[in-house]
Amino acid sequence: MNHAKLNVALLFGGEGQEADISCRSAAAVLSAIDKKRFRVFPVGIAKNGGWYFVRADVGHIASGAWRNTVGALLPTFPVRLGALSGFLSGRKLIAVDVVLPVLHGDLGEDGVIAGALRTAGLHTLGADTLACAVTADKVFTKLVAKDLAIPTLPFFHAVDLPPEEAKAGAEARFSYPMFVKPTRLGSSIGASVIPSPEKFTSAYLFAAHRGGGRVMIEPYVHP
């Protein structure tokens, strides 16, 4: 029996700091997905925030070259028109059965995109807006975990603190080594071990720069 293909919007890229990682993830999905069962519409979000249907090969998607490929981009955006939901294509609406977000980090996993898709009435794989927003913020995640009696490391949250104040606050709570990371980025960007007091300022400033001034400091757990 022949079954109709499902239309899947594969969403990738973004304005955030992990956009290039997203492109590589999307290329892997596009290479692996069963084309006999799914009709895939790659939708890329450029670094300036524009949304586009992307007509480029897997290699160009993986490298991010799709952003500058002439003729490869058709502007679009998720919309709801009456009872119909989908993505604009000129004066037409491309209906999709599901959106598969392959996004990473800020302005991708933090609820911003989930909210836009929900407003457009689109079925989306993954967490909803609230879950994305809470789990993208390491401090909120810890607070929820604590409320649910889930064990979690203690932490010090530094918001726009000068290095000397952050250092004093962290040292009042923990001994070295410590671990510092931006509060609202992925698990590795801007994150590092602080082995000694002499290394605190450089590691803290690096994390604060990548994380917009919001930094979380924890005791380092040896593997």
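This is a predicted model: local features need pLDDT of at least 70, side-chain atom pairs count only at pLDDT 80 or more; totals for chains, interfaces and linings use all residues.
Most residues other than glycine have a negative phi.

Ala149 is another non-glycine residue with a positive phi, here near 65°. Its loop runs between helix H5 (138–147) and S9. Is Ala149 buried or exposed? At 67% relative accessibility, Ala149 counts as exposed.

S9 pairs with strand S12 (residues 214–219). The pairing is antiparallel and runs over 4 bridges. Phe156 stands opposite Ile217 in S12. Val159 has Arg214 of S12 as its bridge partner.

## The four-stranded sheet

Which strands make up the open sheet, and in what order? There are 4 strands, ordered S9-S12-S10-S11, and the pairing is antiparallel. Strand S9 (156–159) and strand S11 (192–194) stand at the edges. Each has a single partner strand, so one side of each is left without a neighbour in the sheet. From one strand to the next, the twist averages 30°.

Two helices pack on this sheet. Helix H6 (residues 163–171) touches S9, strand S10 (178–182) and S12. The direction of H6 makes about 170° with that of S9. Helix H7 (residues 200–210) touches S9, S10, S11 and S12. The direction of H7 makes about 25° with that of S10.

Where does a cis peptide bond occur? It joins Tyr176 and Pro177, with omega about 0°. Pro177 lies in the loop between H6 and S10. Most peptide bonds are trans.

The largest pocket holds about 350 Å³ of space. Its lining comprises 25 residues. Leu103, Gly108, Glu109, Asp110 and Cys132 are the closest to the pocket centre. By class, the lining has 12 nonpolar, 7 polar and 6 charged residues.

Which elements each supply at least two lining residues? Strand S8 (98–101), helix H3 (112–119) and helix H4 (129–135) do. In H3, the buried residues include Ile113, Ala114, Gly115 and Leu117. Gly121 follows H3 and has a positive phi, near 75°.

## Phe38 in strand S2

Phe38 belongs to strand S2 (residues 38–45). Its relative accessibility is 19%, so Phe38 counts as buried. The cut-off for buried is under 20%.

What does Phe38 touch beyond four places away in sequence? Its contacts there are Lys5, Leu6, Val8 and Ile33. The C-alpha atoms of Phe38 and Asn7 are separated by 6.0 Å, with the two residues 31 apart along the chain.

## The chain as a whole

The protein chain has 223 residues, and 43% of them count as buried. Its secondary structure comes to 7 helices and 12 strands. Along its principal axes, the C-alpha trace spans about 65 × 40 × 30 Å.

How much of the contact set joins residues at least 24 apart in sequence? Among contacts between residues at least 6 apart, the share is 61%.

Definitions and conventions:
Residues are numbered from 1 along each chain as its sequence is written. Side-chain values use heavy atoms; hydrogens and water are left out. On a 1 Å grid over the protein atoms alone, a cavity is a set of points where a 1.4 Å probe fits but cannot get out, and a pocket is an open set with protein on both sides within 12 Å along at least five of seven lines; lining residues have an atom within 4 Å of a point. Grid points are joined across faces, edges and corners, and a volume is the space filled by probe spheres set on the points. Ala, Val, Leu, Ile, Met, Phe, Trp, Tyr, Cys and Pro count as nonpolar, Asp, Glu, Lys and Arg as charged, and the others, Gly among them, as polar. Two strands pair if DSSP finds at least two bridges between them. Axes are lines fitted to C-alpha atoms, for helices over the stretch in contact, and angles run from 0 to 180 degrees between N-to-C directions. Contact means heavy atoms within 4.5 Å. Buried means under 20% relative accessible area, exposed over 50%, partly exposed in between (1.4 Å probe, protein chains only).
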